[in-house]
Amino acid sequence: MKNRGKRVVGLKAKLRLPIVFFLCFCFFLAGLFGSIIISHDVKRGGSRYKLLENFETEEGDSMPHGESGESSISSIPFQVLSWRPRALYFPNFATAEQCQSVIEMVKPKLKPSALALRKGESVESTKGIRTSSGAFISASEDSTGALDFIERKIARATMLPRSHGEAFNVLRYDVGQRYVSHYDSFNPAEYGPQKSQRIASFLLYLSDVEEGGETMFPFENGSNMDIGYDYKSCIGLKVKPRRGDGLLFYSLHPNGTIDKMSLHGSCSVIKGEKWVATKWIRDNER
Ligand SMILES: *[C@@H]1O[C@H](CO)[C@@H](O)[C@H](O)[C@H]1NC(C)=O
Ligand SMILES: *[C@@H]1O[C@H](CO)[C@@H](O)[C@H](O)[C@H]1NC(C)=O
């Protein structure tokens, strides 16, 4: 009896070892997936700050560079949202801290947003087209260096020199506020002769928006162009604002004519508030 009991115990011990291994393996897998999920979360938050400061410098065989060039290889992740119009999305372009500092800086300067008027238009007749508040602010006015960093990064992402950019136009949209669809470039037939033209627009979302507030491109890939679009409805390609993310689109074709599909607007904010910094980039220095 004693002998048999021992053998049974021995058998149990033999069984126990694989079970322990199996459990260890399960914990290992759980840990692995857990850390992947956590690292994804962290990436959207603060820990990319260091990388961003260094413009995501990468290891690699860099080339000897010109006098105005850079010594290392870097990358700025992007997604092509559309070819018609040419629109690019840049996740995590700026940090949450940088966005917040821009918001705080601009708050005391906010005024109702103005509109460039076409021939025959008046301030009264254009009421309701653009209902946000905003302020212009240049990188040199920002002692924290956030706007300087963002401006340099925009120049690198677009390869359009900083000297071609207008000052940042920082806007706040409250619930119900919007910007009906429009072009950023000025058609001389409507606005008169232009000294220089806006080529591209870079939008940096400074806040998340709970609901609504998307940037919309109603004519993306030629859609909705023949339906008598009323410039108010929120249709077409929509880009949801996320704090720190960037959106770049070109208002002109490569041949310099206005891209009709670059028509865009800001859908009404339904819940929360929307903060965005816009940089318009021109074909001439300012
Ligand atoms: C985009 O527009 C082009 C030209 O009108 C058309 O041929 C193409 O099918 C469209 N693409 C999609 C995905 O609808
Ligand atoms: C300019 O380019 C656009 C898009 O490629 C084209 O549709 C348009 O006809 C061109 N206009 C001129 C004047 O070349």
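## A walk across the sheet and its helices

Start with the open sheet: its eight strands are ordered S3-S4-S13-S9-S16-S7-S6-S5, and their pairing is antiparallel. Keep in mind as you look around that this is a predicted model. To find the edges, select residues 79-82 for strand S3 and 111-112 for strand S5, each of which pairs on one side only.

Backbone hydrogen bonds are what pair the strands of a sheet.

Now bring in helix H3, residues 96-106. H3 packs on the sheet and touches S7, S16 and strand S6 (133-137). Compare directions and you will find about 100 degrees between H3 and S6.

Your next stop is helix H4, residues 146-158. H4 lies across several strands, among them S4 (87-90), S9 (198-205) and S13 (246-250), and runs at about 130 degrees to S9. From first C-alpha to last, the 13 residues of H4 reach 18 Å, close to the 18 Å expected at 1.5 Å a residue.

Which residues of H4 are buried? Select Ala146, Leu147, Ile150, Glu151, Lys153 and Ile154. Look down the axis of H4: these buried residues fall within an arc of 165 degrees, so they line one face of the helix.

Note on methods: Residues are numbered from 1 along each chain as its sequence is written. Chains are lettered from A and ligands numbered from 1 in the order in which they are written. This is a predicted model: local features need pLDDT of at least 70, side-chain atom pairs count only at pLDDT 80 or more; totals for chains, interfaces and linings use all residues. Two strands pair if DSSP finds at least two bridges between them. Helices (H or I, at least four residues) and strands (E, at least two) are DSSP runs, numbered from the N terminus. Two residues are in contact if their C-beta atoms, placed from the backbone, lie within 7 Å. Axes are lines fitted to C-alpha atoms, for helices over the stretch in contact, and angles run from 0 to 180 degrees between N-to-C directions. The expected span of a helix is 1.5 Å times one less than its number of residues. A residue is buried if 20 or more other C-beta atoms lie within 10 Å of its own, exposed if 12 or fewer, and partly exposed in between; C-beta atoms are placed from the backbone. The arc is that of the directions from the helix axis to the C-beta atoms.
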